[in-house]
Amino acid sequence: MIGGLFIYNHKGEVLISRVYRDDIGRNAVDAFRVNVIHARQQVRSPVTNIARTSFFHIKRSNIWLACVTKQNVNAGLVFEFLNKMVEVMQSYFGKISEDNIKNNFVLIYELLDEILDFGYPQNADTSILKTFITQTGIKAQVTKEEQSQITSQVTGQISWRREGIKYRRNELFLDVLENVNLLMSPQGQVLSAHVAGRIVMKSYLSGMPECKFGINDKLVLDKSGRSDDPSKVSATGKSSIAIDDCTFHQCVRLSKFETEHSISFIPPDGEYELMRYRTTKDISLPFRVIPLVREVGRTKMEVKVVIKSNFKPSLLAQKIEVRIPTPLNTSGVQVICMKGKAKYKASENAIVWKLKRMGGMKESQISAEIELLPSDKKKWSRPPISMNFEVPFAPSGLKVRYLKVFEPKLNYSDHDVIKWVRYIGRSGLYETR
Amino acid sequence: MTDSKYFTTTKKGEIFELKGELNSDKKEKKKEAVKKVIASMTVGKDVSALFPDVVNCMQTDNLELKKLVYLYLMNYAKSQPDMAIMAVNTFVKDCEDTNPLIRALAVRTMGCIRVDKITEYLCEPLRKCLKDEDPYVRKTAAVCVAKLHDINAQLVEDQGFLDQLRELLSDSNPMVVANAVAALSEISDTSPSPAAQMEMNQQTINKLLAALNECTEWGQIFILDALSNYVPKDDREAQSICERVTPRLAHSNAGVVLSAVKVLMKGMEYVGMETEFVTTLQKKLAPPLVTLLSSEPEVQYVALRNINLIVQKRPDILKHEMKVFFVKYNDPIYVKLENWTSYPSATQENIAQVLAELKEYATEVDVDFVRKSVRAIGRCAIKVEQAAERCVSTLLDLIQTKVNYVVQEAIVVIKDIFRKYPNKYESIISTLCENLESLDEPDARASMIWIVGEYAERIDNADELLESFLEGFHDESTQVQLQLLTAIVKLFLKKPTETQELVQQVLSLATQDSDNPDLRDRGYIYWRLLSTDPAAAKEVVLAEKPLISSETDRLEPTLLDELICYIASLASVYHKPPSAFVEGQALVVRRTQLPVRSASGEPGATGATESPVPQQAQPVQQQQSVIPSHDTAMGDLLGDLLSMDLNPQPQQQMSMTPAPQQDMGGMDLLGGGLDSLLGGPSPVAGMPASQASMGGGLGDILGLGISSTTYVPPKQVWLPAPKAKGLEVSGTFSIRQNVRYMDLTLKNNAMAPMGDFAIQFNKNSFGLSPASALQVPSPLSPGQTADVTLPLGTNGPVQKMDPLMNLQVAMKNNIDVFYFSCLIPIHLLFTEDGQMEYANQTSDRKVFLATWKDIPDSNEVQKEIANPNQLDPKGISDKLQQSFIFTIAQRNVDGRDMLYQSLKLTNGIWVLAELKIQPRSPTMTLSLKTRALDVIPQVQQAYELIIANM
């Protein structure tokens with residue numbers, strides 16, 4: 001298992017070093033600095049083997065986190081753990097930065113002692129950790145009941161939620177966040193498109209509520225025998241969607257999902273990501289980008305880009321940004337656009353065109369004249385035109401059908417819970433070649 | 001309050017200052033001081049001088065301070081073992097604390113202090129904590145057992161902690177179960193002792209599967225990793241395990257998903273091939289694998305490395321998911337490069353898509369990436385014949401870009417395409433020739449020269465082109481020089497008239513002006529060929545070349561199977577077996593084996609690569625050779641035999657394997673013995689087997705009937721009559737009263753009587769030699785048979801043979817000398833003193849166990865052997881003992897009987913065995929361990945023979 005964990009700043013100075021196993025010596029700290037952080041050539045793999053010692057590293061902002069081992073460990077586990085570690089630290093003291101780490105080094109050691117034992121990851125759920133690892137140290141006088149409550153939660157079956165939570169108002173916020181990814185050929189042919197979606201929940205519920213969540217997944221609907229009901233046609237014009245694959249927060253009972261296709265769980269308190277999913281079929285692409293590039297001689301280029309919005313006219317897209325790459329030898333650019341603002345950014349070698357909002361079924365265009373310096377360099381390989389936006393619907397067509405809450409012990413029912421649902425579709429990598 | 005100030009301490013007198021603060025009365029000040037100490041420790045300063053002062057702070061009810069002191073202790077206890085003892089009392093006291101968090105903390109920390117005296121004190125508290133009422137303490141204690149095992153394995157075994165740990169597998173708390181599994185797996189991985197092995201039976205598996213649904217994500221990984229080592233007893237069990245593991249594929253933790261994939265990949269092997277179950281399972285595997293590719297880049301990288309393995313093993317899984325491997329513009333470079341893994345699975349259907357994508361990549365910025373893209377296009381061409389034309393035109397387009405490294409890579413690739421599809425695409429040669437000047441890399445230059453040479457007859461100015469290369473001949477790399485030499489010779493053979501000068505020039509450059517022996521040799525060979533026999537030269541130089549195949553970057557099947565067992569682990573990231581990067585760790589062989597597929601598992605319609613997996617998947621690393629081997633073995637024998645020949649007749653050598661007549665040395669081997677042979681049979685006194693000269697019937701009885709203790713294989717015809725002018729020799733080997741015999745039956749099929757028999761052995765692997773002369777009733781009249789026994793000694797000259805057990809024999813009679821060879825059954829060489837002591841009475845050492853541990857685990861080989869009569873352990877043990885395989889110990893584990901056995905060969909090699917017998921099963925599992933791996937197949941065979949035949 002994991003033999004040690006080191007945290008370095010961008011210069012390679014050690015901020016945290018915790019060794020769990022005897023086979024890892026002090027020189028391992030230096031080996032990683034010399035061979036990876038200070039390596040002459042940029043290291044091209046997150047896993048490095050130096051003198052029979054393996055280093056796994058991730059870099060967050062300019063902080064390096066590295067796990068060391070001499071054994072044949074589970075690599076998936078190590079990286080997942082490093083990411084978890086980052087998450088835990090962030091929830092304790094915010095951004096991962098050199099100052100924050102130095103300011104909290106005692107806390108970090110305490111956390112490392114708790115969540116890794118002999119290199120084996122233990123419960124690393126922040127909500128539970130916070131009950132007994134606090135920045136002010138453990139309150140000296142905790143009652144015996146409290147102590148056993150802590151330990152039973154750390155090791156318990158529902159390790160992500162503590163008991164005895166109470167809210168005056170039981171409330172639920174449900175966000176369906178989707179990233180649409182697209183790669184389109186200049187001729188308008190879709191080369192690849194997929195939606196990576198997340199369902200993020202904020203739950204403020206009392207007690208130990210049992211939740212059941214339903215979406216318009218084709219598999220579920222077909223299974224329960226409901227035929228496509230025309231009255232339920234969603235914004236994108238279909239009643240159910242085919243989900244390629246989904247993964248769940250550890251609170252979801254996976255075996256139940258496997259057998260009954262129902263998503264049931266006892267939610268953690270506060271914000272968490274309930275589910276991730278991926279779809280590739282029948283994606284409604286919110287925008288189409290039509291580029292026209294004409295080379296006028298060796299020193300001039302004309303670019304015209306049209307964007308068309310493709311959703312209900314009543315909806316509004318926001319934060320639209322189109323990025324048109326320009327050749328490296330560009331000397332000057334004249335831009336004309338009817339809407340929004342466009343600017344040539346020489347440092348980024350691109351024309352950036354921004355639109356605050358745009359309705360559905362509309363069209364907008366930009367044209368630019370690019371002057372080039374004569375150069376004998378090889379032909380410029382044109383990077384794709386990329387786009388950013390935000391739309392108030394789920395491009396995959398996913399709909400939340402229900403979210404039921406049951407709490408048998410406390411006397412509030414499903415109707416008493418206030419539920420909010422929001423759909424946001426964002427651009428992931430939305431590119432046209 | 002911020003802690004960063006502790007990192008900036010004053011330099012001078014720092015330690016002294018800290019000392020003062022540590023001994024301060026004020027709690028706050030103490031804590032501050034300890035923090036400063038820890039901060040200095042982190043940046044690498046030596047603060048061990050403060051040991052006593054820090055330990056003094058340990059007695060506190062402030063948990064934060066306590067944790068800091070413990071942290072310090074863990075770091076420095078080893079360097080100050082005597083001082084560390086001071087802390088023991090506090091630890092022991094803390095283990096009794098009412099607060100479970102403190103109890104756990106104490107046990108956790110104590111296990112991290114690697115000081116013998118402290119570990120002694122650890123045992124009692126640990127035993128208590130393993131039974132603690134609080135699950136948090138139990139789960140901590142479970143890991144502590146693994147820590148203790150790492151420090152002192154013997155102690156853990158002696159104190160019975162392993163049994164306590166096994167009990168925790170049925171704990172009510174899932175996290176305790178998970179930690180116990182992790183600890184047990186680690187212990188059984190590192191300890192070779194059979195007692196430490198993690199025995200898994202159906203009940204344990206069920207418990208683990210139940211805990212799987214309830215424990216933390218990390219716990220699930222521990223359990224899944226342990227599950228993957230379990231060998232299900234039949235299809236149904238394998239299937240039910242797979243069914244219960246499948247839901248894990250939807251977990252958000254990539255580690256859980258990958259470990260589940262590992263269990264399923266192994267499970268599918270056990271289930272068999274063409275079942276519907278496997279097909280559906282394969283379908284279920286694809287989406288989660290694809291989803292892994294949208295996680296963090298580092299996890300993506302691990303996933304891609306594993307997908308590479310999975311796709312090689314089961315190409316069907318991702319065949320419809322080509323698109324997800326298309327590279328995104330801002331992926332990190334290691335992810336981009338790894339995305340190549342999927343491209344071997346390009347097929348006719350998706351080739352258009354793949355090619356379009358590859359062409360796009362070839363215009364990227366990163367040089368490495370572009371090169372790989374171009375290479376991949378070439379691979380597609382070689383793999384999918386229908387697409388070759390498309391690929392070639394794509395490559396041509398790329399060459400038109402004139403980007404230097406693209407052109408060079410493309411030319412290297414095109415050379416391979418020419419070799420795969422000769423006489424198809426040569427029309428593009430002219431385009432290639434245009435780019436001659438821009439090539440500056442040896443690979444590309446060599447490829448181009450090869451093309452010019454190979455197709456010299458189609459290139460009008462081939463001579464000019466090659467001549468231009470020749471100008472800077474000495475500045476070229478060897479690879480290019482060699483290629484150039486060959487190309488010009490080819491050119492000369494094709495167009496002899498115009499190029500005579502050129503060839504002269506290159507030959508003199510290569511032979512006279514070069515220091516490179518390879519180049520010079522090749523030059524001389526060509527020169528001589530050309531000057532003596534141009535026709536032969538043509539045949540040699542312009543010979544047809546074998547077509548190249550496409551599977552160049554695949555892993556070897558055995559390695560692949562081994563790596564499949566290591567999915568998700570580092571081994572799968574490196575694509576190397578763990579032994580290649582893990583130091584001195586004992587690796588248990590069973591882990592690395594995929595099952596041999598049952599009869600139902602023929603390659604199915606899916607076309608996966610499904611050859612049965614060889615038993616010894618583990619690459620042999622520290623193979624000790626039994627006997628010094630000489631390449632000249634055959635030569636020796638030949639020499640020996642020739643010297644023995646009375647009237648040599650060449651055709652008789654046909655009975656021998658063809659041997660190069662290289663070394664005629666070693667003539668003296670048989671010299672002495674031969675003289676005595678020629679002098680006539682002279683019985684050696686003192687040999688108990690002088691009955692050998694008795695007649696047929698009696699010999700039969702002696703040979704096979706009475707008192708045959710060891711298993712004697714039936715006689716085989718070693719020398720058929722037509723090969724030996726009418727003498728037929730058949731024989732076998734046996735042991736009687738601790739003497740080894742060769743039992744021979746000689747039959748005279750000729751028309752004339754035979755006499756003057758003599759026999760001699762060549763050097764052989766175990767030094768077998770006749771202990772007395774051959775005593776045959778002489779003369780042997782036509783039609784008569786004689787049974788003779790020849791006592792054998794084991795002190796003869798030794799030489800390793802191939803095959804190992806081969807024995808080459810020369811037999812002489814009054815007519816001629818005949819040669820034949822036979823195989824020695826290895827059990828002939830088992831000695832009666834092969835019983836290893838289980839425990840040495842005097843020194844109380846467990847000899848057998850110690851020897852077992854001493855032999856590296858890589859030297860362990862496992863095999864299923866048949867038990868057709870379904871003998872019980874007693875019967876087996878008795879039978880084996882008759883053949884000098886001794887049972888040392890016997891255990892019953894979960895209804896299976898384990899026999900631990902030893903045997904010794906005449907040359908002193910020990911072989912240890914573990915025989916696992918399942919009641920009422922027609923097979924049993926035999927694990928052999930020895931330092932001399934060569935003998936293992938033979939010993940396995942001996943086991944099978946003895947058990948099957950008695």
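Biologist: How many helices and strands does chain B have in this predicted model?
Modeller: The secondary structure of chain B comes to 38 helices and 13 strands. Of its 950 residues, 58% are buried.

Biologist: Take α26(B) and α27(B). Why are these two called roughly antiparallel?
Modeller: Look at the angle. The axes of α26 (residues 462–470) and α27 (residues 478–494) of chain B cross at roughly 155 degrees and come within 11 Å. Anything over 145 degrees counts as roughly antiparallel, so α26(B) is roughly antiparallel to α27(B). As for handedness, α26(B) passes α27(B) in a left-handed crossing.

Biologist: Which residues meet there?
Modeller: From α26(B) you get B:Ala462, B:Asp463, B:Leu466, B:Phe469 and B:Leu470. They meet B:Leu484, B:Ala487, B:Ile488 and B:Leu491 of α27(B).

Biologist: And how many of the residues in that contact are nonpolar, polar or charged?
Modeller: They split into 8 nonpolar, no polar and 1 charged. Asp counts as charged, so B:Asp463 is the charged one.

Biologist: What makes a set of residues a nonpolar core?
Modeller: The members must be buried nonpolar residues joined through side-chain atoms within 4.5 Å. The largest such core has 184 residues, and A:Phe56, B:Tyr72, B:Leu126 and B:Val245 have the most contacts inside it.

Biologist: What does B:Val245 touch, leaving aside neighbours within four places in sequence?
Modeller: B:Val245 is in contact with B:Leu209, B:Leu212, B:Leu224, B:Leu227, B:Ala260, B:Val263 and B:Leu264. Another core, of 80 residues, lies apart from the largest one, and includes B:Cys391 and B:Trp450.

Methods
Residues are numbered from 1 along each chain as its sequence is written. Chains are lettered from A and ligands numbered from 1 in the order in which they are written. This is a predicted model: local features need pLDDT of at least 70, side-chain atom pairs count only at pLDDT 80 or more; totals for chains, interfaces and linings use all residues. Side-chain values use heavy atoms; hydrogens and water are left out. Axes are lines fitted to C-alpha atoms, for helices over the stretch in contact, and angles run from 0 to 180 degrees between N-to-C directions. Helices (H or I, at least four residues) and strands (E, at least two) are DSSP runs, numbered from the N terminus. Angles under 35 degrees count as roughly parallel, over 145 as roughly antiparallel, 65 to 115 as roughly perpendicular and the rest as oblique. A crossing is left-handed if the near helix is turned anticlockwise from the far one by less than a right angle, and right-handed if clockwise. Contact means heavy atoms within 4.5 Å. Buried means under 20% relative accessible area, exposed over 50%, partly exposed in between (1.4 Å probe, protein chains only).
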